[in-house]
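This briefing goes through a few local features of the structure shown below, grouped by topic for a reader who wishes to check each of them against the coordinates.

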Amino acid sequence: MRITFYGNPKKIAEEIKKIDPKLILIHKNREFLVKNFKAGYVYNIFPRLENIKGVKKIEAKNHELLPLVYSYKYRFKYPINPLKKIIIAGPCVIDDWDIFIKTGFELKKLGVDAIRAPLFKPRSSPYGWEGFGKKGISKLKEARKKLKVPFVMEVMDYRVIDKLTGVCDIIQIGARNMKNYVLLKEAAASGLPVLLKRQPKSNLREFLYSAEYILKYGAKKIILCERGDNLSDGIASINLEIIKRIKKELKIPIIADLSHSAKDRKKVINFAAKTAGISDGVMVETSITPEKSLIDTKQIIDIETFKKVMNIIR
Ligand code: PEP
Ligand code: MN
């Protein structure tokens with residue numbers, strides 16, 4: 001960490017030491033190189049350091065702020081293997097059990113790594129259908145036994161997490177909840193792998209702070225997901241820069257959500273092509289009958305289009 005300042009170095013050093021006497025300060029020109037602090041927790045003293053008269057700027061390195069994210073090296077293979085391109089597909093939400101199972105079998109045949117199996121759906125309008133919810137848990141358990149493919153499910157309420165054994169294999173934290181720190185902690189503590197989506201308009205740092213929560217609170221397996229900057233306004237967008245930076249700087253897998261970024265099935269192939277070379281895989285809403293879906297109908301692709309996506313990705 002570096003602190004740039006103006007004024008009397010001795011006085012400023014004294015003030016810094018008052019905040020944390022263990023800090024080692026190496027003085028050079030108008031700058032202190034700061035050592036001997038606990039990575040991550042250094043965040044805690046920023047507000048007081050910034051408040052010292054004469055302190056101009058405090059700069060910390062990524063690994064000093066996000067020690068777990070930046071030291072993450074775990075290469076897992078189960079329930080999905082990010083060492084080959086990940087493909088997660090399935091409905092926006094389960095709205096018909098028969099269609100869900102049939103779609104699941106088609107996708108399994110084509111070699112997906114995991115199936116989207118959401119019982120809970122965040123809706124912009126309080127009048128929107130929110131999925132089968134807890135009532136769907138026993139049916140989903142049966143479906144999972146039949147399909148024998150890992151299930152990914154968004155969770156919004158931490159109180160359902162302990163009911164998910166045998167129901168889902170990966171917990172998805174949706175874009176809206178990227179900063180729901182209570183939920184992040186509980187999802188992390190569940191022991192299940194966590195798929196974290198970037199909240200629209202949030203920057204890389206904020207995204208990674210949420211990932212740091214997940215690692216700090218116990219998750220061993222984490223996958224990041226870029227889904228664009230717009231929620232439900234129909235505007236297509238995906239942040240390729242964020243994917244590239246994560247690929248370059250971290251060992252945490254990052255996939256692209258083709259559906260919530262493209263927002264239109266006509267654009268999904270194009271988004272697959274844009275992300276294929278840079279991400280660790282994709283998530284894409286797929287159904288045997290997209291037109292019958294109750295939610296996100298316009299963006300869900302059919303099995304034929306899904307095959308094209310597979311060909312582009314793998
Ligand atoms: C989803 O993937 O099911 C979803 C609701 O997307 P997002 O959280 O990215 O809006
Ligand atoms: Mn959707």
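Lysine 197 is buried, and aspartate 257 is buried as well. The side chains of these two residues, lysine 197 and aspartate 257, meet in a salt bridge with an N to O distance of 2.5 Å. Because lysine 197 lies in strand β9 (residues 194-197) and aspartate 257 in strand β11 (residues 254-257), the pair ties together parts that are 60 residues apart in sequence. The model is predicted, and the values below are to be read with that in mind.

- A polar side-chain atom of arginine 227 is placed 2.6 Å from an oxygen atom of ligand 1, while for arginine 116 the distance between a polar side-chain atom and an oxygen atom of the ligand is 2.7 Å.
- Glutamine 172 takes part through its side chain, in which an N or O atom lies 3.0 Å from an oxygen atom of ligand 1.
- Taken on its own, ligand 1 has 290 Å² of accessible area, and the protein covers 96% of it.

**Other salt bridges**

- Side chains of opposite charge can pair when their charged atoms come close.
- In total the structure holds 20 salt bridges, and a network of such bridges links Arg2, Glu31 and Glu59.
- Glutamate 106 and lysine 109 are joined through their side chains in a salt bridge, with 3.5 Å from N to O. Because these two residues, glutamate 106 and lysine 109, are three residues apart in helix α5 (residues 97-110), about one helical turn separates them.

**Leucine 164**

- Leucine 164 is found in the loop between β7 (151-154) and β8 (170-173).
- Is leucine 164 buried or exposed? With a relative accessible area of 1%, and thus under the 20% that marks the limit for buried residues, leucine 164 is buried.
- Between the C-alpha atoms of leucine 164 and serine 202, which are 38 residues apart along the chain, the separation is 29 Å.

**A nonpolar patch on the surface**

- Which residues form a nonpolar patch on the surface? The patch consists of Ile24, Ile26 and Leu33, which together have about 230 Å² of accessible area.
- Isoleucine 24, one of the residues of this patch, lies in strand β2 (residues 24-28) and is partly exposed, with a relative accessible area of 43%.

Technical notes. Residues numbered from 1 in each chain as written. Chains lettered and ligands numbered in written order. Predicted model: local features only at pLDDT ≥ 70, side-chain atom pairs only at ≥ 80, totals over all residues. Heavy atoms only, no water. Polar contact = N/O pair within 3.5 Å; in protein donor to acceptor, adjacent residues only side chain to side chain. Areas by Shrake-Rupley, 256 points an atom, 1.4 Å probe, with all protein chains shown as cover. Patch = residues over 30% accessible without salt bridge, like charges linked within 9 Å, V, L, I, M, F, W, Y side chains within 5 Å. Salt bridge = Lys/Arg side-chain N within 4 Å of Asp/Glu carboxyl O. Helix = DSSP H or I, 4+ residues; strand = E, 2+ residues; numbered from the N terminus. Buried < 20%, exposed > 50% of the residue type's maximum accessible area, 1.4 Å probe, protein only.
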